[in-house]
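Colleague: I would like to learn how to read the features of a model like this one. Please take them one at a time, with the general idea before the case.

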Amino acid sequence: MDTLTGVIPDFSLVQVTQTTSSTKMELIGFQRFLSNIEDANPAVDVVVTDRHVQIRKAMATDHSNKNHQFDVWHLSKSIKKKILAIKPKKLLSEVKPWIPSILNHVWWCSREAEGNPDKLEETWTSLLYHISNRHTFPGKLVTKCGHPPLSDDAIRKKKWMAKDSPAYEALENVITNKLILRDIRHLDRFCHTGSLETYHSMMLKYCPKRMEFDYPSMVARTQLAVVDNNVNIGRKQKIGANGMLSFTTRCPKSTGRWTARKVYEKKEYDFKTDIMQSAITNQQDGTQKKTLHQLKSLTLPRNISKDPAPCKEDLVDSHRSRFI
Ligand SMILES: [Zn+2]
């Protein structure tokens, strides 16, 4: 997905039989997709992904001329996981009230970095000053917190962490963790893949996970999901009967917190009629051409084994011999 416009210009469908293991599917799909995009438009200079190990390696070796950004949401989720792993529980209970602020701080750092990873790293670690009620500090690029001066009341109400307390030390270990410091530098362009997550959830309508589809069906269903996404970009927020912008409220099980969400204008589905009309015309004309994907599916291996299937009787014999 192009993060600036929300358009999905291409997709790559990888069947497990095309790889040696299912773990390589993501990397193969990524390489194919990037190569297709570059063939069409060589001006790709920033790529946003999650922290997939093989993709990270491929970016560092095969695409080192491109800036590799990580999705802010993915990294903040893994920082939360690391904080929740703090032991013993007594220390965690002191750190826990700070978790929402820490996760907000990840987004803040990324937004404020303006393409400068050094500034981002300094802003990130300055969090340790803030949580211990120190709001100015020594630094090369960042020397004070970004919030306005705190009132006496706000200072009194906050559960500041004493510097050098065991809970502070445990949190410091997470904030200054080598891997976190390395990865957080990849958030300096403030890229996030929220629209892609929304697309993936919409895609389930066309490709439900509880059902199995063959390769051409999967391609056709993904194509429909992509068209659905691309023709419905930029929908406006719905105006309610009272003339006000429309919102809905929800309380997801995962957070248990009520939130408001915008309600958008209805989607456009005229493309389905066009496709059906075209299918009927093709049928009437007797032009039952196969698509490239349908032709490709004829050459796909049927399973991931490199060896041809042995004779069934031999397999049955060896199965029996294991029980003798
Ligand atoms: Zn502060």
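Modeller: What follows goes through the metal site, cysteines, salt bridges, backbone and surface in turn. This is a predicted model, in which local features need pLDDT of at least 70 and side-chain atom pairs count only at pLDDT 80 or more, while totals for chains, interfaces and linings use all residues. Residues are numbered from 1 along each chain as its sequence is written, and side-chain values use heavy atoms, with hydrogens and water left out.

Colleague: Which protein atoms are the donors of the zinc ion?

Modeller: Donors are N, O and S atoms within 2.8 Å of the metal (3.2 Å for Na, K and Ca); water is not among the atoms, so sites may look incomplete. Here the zinc ion has ND1 of H130, ND1 of H135, SG of C145 and NE2 of H147 as protein donors, at 2.0 to 2.2 Å. Along the sequence these residues follow the spacing H-x4-H-x9-C-x1-H. H130 in helix 7 and H147 in the loop between helix 7 and helix 8 are 17 residues apart, so this pair links distant parts of the chain. Helices (H or I, at least four residues) and strands (E, at least two) are DSSP runs, numbered from the N terminus.

Colleague: What is the arrangement of the four donor atoms around the zinc ion?

Modeller: Ideal angles at a metal are 109.5 degrees for four tetrahedral donors. Four donors count as tetrahedral if all angles lie between 85 and 135 degrees. The angles around the zinc ion are 102 to 119 degrees, so the arrangement is tetrahedral.

Colleague: Are H130 and H147 buried, partly exposed or exposed?

Modeller: Buried means under 20% relative accessible area, exposed over 50%, and partly exposed in between (1.4 Å probe, protein chains only). H130 is buried at 17%, whereas H147 is partly exposed at 30%.

Colleague: How many disulfides are there?

Modeller: A disulfide is a covalent bond between the sulfur atoms of two cysteines. The rule asks for a pair of cysteine sulfur atoms within 2.5 Å, and the count is zero. For C109, the closest cysteine sulfur is that of C145, 11 Å away, so the two are too far apart for a bond. Both residues are buried: C109 has a relative accessibility of 1% and C145 one of 15%.

Colleague: How many salt bridges does the count give?

Modeller: A salt bridge is a side-chain nitrogen of Lys or Arg within 4 Å of a carboxyl oxygen of Asp or Glu. There are 13 of them. One of these joins D183 to R56, with the closest N and O atoms 3.1 Å apart. That pair links distant parts of the chain, since D183 sits in helix 10 (residues 178-184) and R56 in helix 2 (residues 53-61), 127 residues apart. D183 is buried, at 2% relative accessible area.

Colleague: What should I look for in the backbone?

Modeller: Most residues other than glycine have a negative phi, and most peptide bonds are trans. In this model the K87 to P88 peptide bond is cis, with omega near 0 degrees. P88 lies in the loop between helix 3 (72-84) and helix 4 (89-95). N133, which is not a glycine, has a positive phi of about 60 degrees. N133 is in the loop between helix 7 (127-130) and helix 8 (152-157), and is partly exposed at 30%. D164 also has a positive phi, near 75 degrees, and its place is in the loop between helix 8 and helix 9 (166-175).

Colleague: Which residues make the nonpolar surface patch?

Modeller: Patches are made of residues with over 30% relative accessible area and no salt bridge; like charges are joined within 9 Å, and nonpolar side chains (Val, Leu, Ile, Met, Phe, Trp, Tyr) within 5 Å. Accessible areas come from the Shrake-Rupley method with a 1.4 Å probe, and for residues only the protein chains shown count as cover. I239, L245 and F247 make a nonpolar patch of about 320 Å². F247 belongs to strand 3 (residues 247-250).

Notes:
Tetrahedral: all angles 85-135°; square planar, octahedral: opposite > 155°, others 65-115°.
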